[in-house]
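Visitor: I would like to know what the labels rest on. Please set the values against the definitions.

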Amino acid sequence: MATSLEKSHSKLSNFKLTILILLASLSIPIFIFGWMFTNINEMYGTFIMIFGGILFLLTLIWLSKFKR
C-alpha cells in the first residue's frame, strides 16, 4: 500500500500538474496575441482572444479542483 506522500508525488500526479500549469501559462500569451491580432483581423483576433480567456478560466477551475 502506498503512503499518502508516495501518492501525492506519483508520476501521474506530477504529470497532471505539469500539464495544468503549462496550459495556464500558455493561455495568457494566447489571449494577448488575440488582442493584438484584432488590429489585423477582427474576427480571428476575437476568436483567439476568447479561446485564450476560456482556456485560462478552465485551467483555473481545474487547478482549484486538483488534489495531490
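**Labels and their grounds**

Guide: Phe37 lies in helix 2. Helices (H or I, at least four residues) and strands (E, at least two) are DSSP runs, numbered from the N terminus. This is a predicted model: local features need pLDDT of at least 70, side-chain atom pairs count only at pLDDT 80 or more, and totals for chains, interfaces and linings use all residues. Residues are numbered from 1 along each chain as its sequence is written, and side-chain values use heavy atoms, with hydrogens and water left out.

Visitor: Why is Phe37 called partly exposed?

Guide: Buried means under 20% relative accessible area, exposed over 50%, partly exposed in between (1.4 Å probe, protein chains only). Phe37 has 23% relative accessibility, so it counts as partly exposed.

Visitor: Which residues does Phe37 touch, not counting residues up to four places away in sequence?

Guide: Contact means heavy atoms within 4.5 Å. On that count, Phe37 touches Tyr44, Gly45 and Ile48. The C-alpha atoms of Phe37 and Phe47 are separated by 9.9 Å, with the two residues 10 apart along the chain.

Visitor: Why is Thr59 called buried?

Guide: Its relative accessible area is 0%, so Thr59 is buried. Thr59 belongs to helix 3. Not counting residues up to four places away in sequence, Thr59 touches Leu20, Leu23 and Ala24.

Visitor: How do you know that the span of helix 3 agrees with its 24 residues?

Guide: The expected span is 1.5 Å times one less than the number of residues. For helix 3 (residues 42–65) that should be 34 Å. The end C-alpha atoms are 35 Å apart, so the span agrees.

Visitor: What is found at the start of helix 3?

Guide: A side-chain oxygen of Asn41 comes to within 3.3 Å of the backbone nitrogen of Met43.

Visitor: What makes the pattern of the protein chain α-α-α?

Guide: The secondary structure comes to 3 helices and 0 strands. Read along the sequence, that gives α-α-α.

Notes:
A polar contact is a pair of N or O atoms within 3.5 Å; within protein, one must be able to donate a hydrogen and the other to accept it, and residues adjacent in sequence count only if both atoms are side-chain atoms.
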